[in-house]
Number of protein chains: 2
Amino acid sequence: MKEKESLRVPASPRTTLRSSASLRSTSPRVGTQAAILAIGSEMLGPMRLDTNSQWLSARLEEVGISVVHKAIVGDDVEAIGDELSHASRRASFLVTTGGLGPTADDVTVSAVARWSGAAVVRNEEFLVRMRARFERRGFRMPLTNEKQADFLVGAQVLENPRGTAPGFWMRTDDFELVLLPGVPSEMREIMESSVLPRLRERSGGVVSRRRVLRIAGMGESAVEERIAAVYEKWKEHPVTILASPGEVQLHLCVRAEPGHAEETVARMEQDFGEVLAGRVFGRDDEDLPATVGRLLRDSGQTVSLAESCTGGMVSSLLTDTPGSSAYFRGSVVAYADSVKEEMLGVSAETLKKHGAVSGETALEMAEGVRAHFDTDLAAAVTGIAGPDGGTPEKPVGTVWYALAQRNQEGVAKRRAFGGDRSIVRRAASLYALELLRRRLVGDPRA
Amino acid sequence: MKEKESLRVPASPRTTLRSSASLRSTSPRVGTQAAILAIGSEMLGPMRLDTNSQWLSARLEEVGISVVHKAIVGDDVEAIGDELSHASRRASFLVTTGGLGPTADDVTVSAVARWSGAAVVRNEEFLVRMRARFERRGFRMPLTNEKQADFLVGAQVLENPRGTAPGFWMRTDDFELVLLPGVPSEMREIMESSVLPRLRERSGGVVSRRRVLRIAGMGESAVEERIAAVYEKWKEHPVTILASPGEVQLHLCVRAEPGHAEETVARMEQDFGEVLAGRVFGRDDEDLPATVGRLLRDSGQTVSLAESCTGGMVSSLLTDTPGSSAYFRGSVVAYADSVKEEMLGVSAETLKKHGAVSGETALEMAEGVRAHFDTDLAAAVTGIAGPDGGTPEKPVGTVWYALAQRNQEGVAKRRAFGGDRSIVRRAASLYALELLRRRLVGDPRA
């Protein structure tokens, strides 16, 4: 699915930056066209993919800034200078990631200094704070880290609460440069706390509003069919369908003045939500484990799991969410049939008669774990993840589920997943969570 | 986590291209430094990641060509021209992907024509073949597809067996340009069938051999310290250290004639392996779960797990590997303390006296799961993944491990991990597997 129209949007008007004591006193014009430069030789080789720039695109888009150029360059002062020159011809705002670390090949600061003519001065106060930081963790700061206190004169320092490398924000009359570390968590933290708030302030007119509607337990083409008419109705705004194992996402995007963008995206969300009738489990960053967690917490219920083919992945997904101990008590990963019998109380007869991959076994697993862990709800998964173990009646990708609930009769359900072992495991795990979600919202399809 | 020295590799000798009737009759010198340009506005937005260039880097490296620059540009004739000029200053060989499709925003051919001054001529013979192709599938060819028969004069056409868009190979005296479609399967097919064989021929022998040494349970700086002398010894070959939560990788890369490259990389591996004395758990694609699986399988032993803070992730990692049912019997995810007591037999007294995050509790968890699941080995993990739950004595990131083994006394071990919840969980999970690995190879540090 190719996103069209992205370059046909009229450019937003340039606004003038509010001046700030910590910044150069020029009054630069602010660009709505940005470039991103990822610095690090490892990303030129086959082993590392630059994923930072994708995240940056999303966040810049939200504040009305379009990315018109992305590049990756190695840890080389001259090559970085070349890229800075090139980027400054293409855009008025550049974000770089990487090369701010302590080692010899971290050369972003010196490359920017050489390119811009700015001086570099060691900040003794920062050095003291860095040393203290190391000491608190019981280490002596290695000498190599000292260079991270080399600051670009004239640039604003962007604090890094998660690491030693600070970021920098430099501006000249017609070009702005934000230097961020390459470690994703540090890069994101600095963007969120120090960069985006200021960009949001000055975006003035046009912004982008994106709403992501997230759907599980339904294939991409089924979603496409369901939304066809609404998709046609809203065709002047880009709608993207993205599918990954076990999940389909609809991205609705509107570029307009803030109020109008907000309102339009809300109307789009309503239209799409209507035709998808209850299939949307969450929006934007709310993933399925978080949704299930919220529903469990809100209803004061607890859950336990019995997993076979997913091997602990459902539990791992559910406990990714902070605070999951409020509703998740635990699980039994019953990979061997003997464990299904001894730890979950599945009867030998059921296993013999119906096999480990059957609705009967799934039901006894779910009832067993619910009773042992004394939870309100329980889900069980048993299937064939492959590549081996398939039969003509139960091919690879066959998965049986069961839900057990206090004082209610259990239900079992069969699904078939395509793809290799890792795809089957992931899709099968998410579907277990989707079944729990449906049960929690009273959907009859669970 | 940076690639060292990668730009200090001496360039391999340039070879002269064999002439070919279908090519321009100049005898261009062949570059060993390449650039990659991904063309498509969708990759500048937040929804699409360019993964083609990573694949291209790997394949180019194999034929002795290093990628020194990567960029992404939108579907815009002028912007593409800018990027071509920039790339031609940075490298002598450029591969572009994307923009060869039938729609209005596919402008790669016209951009290259305008930039290079080459004419574009519609190839009537190709048009007939395209129409026939559509007809065989029962469709009439849309008019928009006709532009895919617009060929660059002077460029060699690269057949596309998987789609309508052909590729092109253009050369001038000092620059070569290979245009490929953006659909990954088509791009790969054309590279494999029409581009790589020729590059391999003219590489005149020089190839790259890469060996990845993988290390767990040791920090990046500890690895760096340990290998310093060997690193210095082999400094003419690029060695990259890449760190991710719970794992450090050393990438050794040698560019030379095939036999020599093979031999050198083997000698490097031996030298680095020696100073890392047993810390290398696997090489190349062998991950830690697969290594542990292999050791268990080879020794005919079974394993079970008791997980608290990792919430099923250790089990999920271990069962990622196909065939894991041969040695993994299952696990108990004991998130709630009551589950630790009831399912694993941890005593209420231990929990009260030492807390859930303690060596004593870990030991009882490991002994409990080993006995219940009747396995040869068992590992237990209990800790504080955060963001809440930390105390001054047991801050977030504190994790206790225990190993239990049939007829042996159990051992417990404490580790402290930095980072956010997801980093702690992943690093803590991998360390559990590393402890199992050490025990299985008889390492006294487990």
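**View 1. Strand 2 of chain A meets strand 2 of chain B.** In this predicted model, strand 2 (residues 66–73) of chain A and strand 2 (residues 66–73) of chain B are paired in the antiparallel sense through five bridges. Within this pairing, Ala71(A) has Ala71(B) as its bridge partner in strand 2 of chain B. On its own chain, strand 2 of chain B runs parallel to strand 1 (residues 33–39) of chain B, to which seven bridges join it, and Ala71(B) is also the bridge partner of Leu37(B).

View 2. The strands follow the order 6(A)-7(A)-8(A)-3(A)-1(A)-2(A)-2(B)-1(B)-3(B)-8(B)-7(B)-6(B), and their pairing is mixed. Strand 6 (156–158) of chain A and strand 6 (156–158) of chain B stand at the edges, each with a single partner strand, so one side of each is left without a neighbour in the sheet. On average, and with direction ignored, neighbouring strands of the sheet are turned by 15° against each other.

**View 3. Helices of chain B on the sheet.** Helix 3 (residues 108–116) of chain B packs on the sheet, where it touches strand 1, strand 3 (93–97), strand 7 (167–171) and strand 8 (176–180) of chain B, its direction making about 165° with that of strand 8 of chain B. Helix 5 (residues 184–202) of chain B lies across strand 3, strand 6, strand 7 and strand 8 of chain B, and runs at about 135° to strand 8 of chain B.

**View 4. Surroundings of Ala379(B) in the largest nonpolar core.** This core has 233 residues, and Ala379(B) is among those with the most contacts inside it. Beyond four places in sequence, the residues that Ala379(B) touches include Leu305(B), Ala366(B), Tyr401(B) and Leu436(B).

Conventions:
Residues are numbered from 1 along each chain as its sequence is written. Chains are lettered from A and ligands numbered from 1 in the order in which they are written. This is a predicted model: local features need pLDDT of at least 70, side-chain atom pairs count only at pLDDT 80 or more; totals for chains, interfaces and linings use all residues. A nonpolar core is a set of buried Ala, Val, Leu, Ile, Met, Phe, Trp, Tyr and Cys residues joined through C-beta atoms within 7 Å. A residue is buried if 20 or more other C-beta atoms lie within 10 Å of its own, exposed if 12 or fewer, and partly exposed in between; C-beta atoms are placed from the backbone. Two residues are in contact if their C-beta atoms, placed from the backbone, lie within 7 Å. Two strands pair if DSSP finds at least two bridges between them. Helices (H or I, at least four residues) and strands (E, at least two) are DSSP runs, numbered from the N terminus. Axes are lines fitted to C-alpha atoms, for helices over the stretch in contact, and angles run from 0 to 180 degrees between N-to-C directions.
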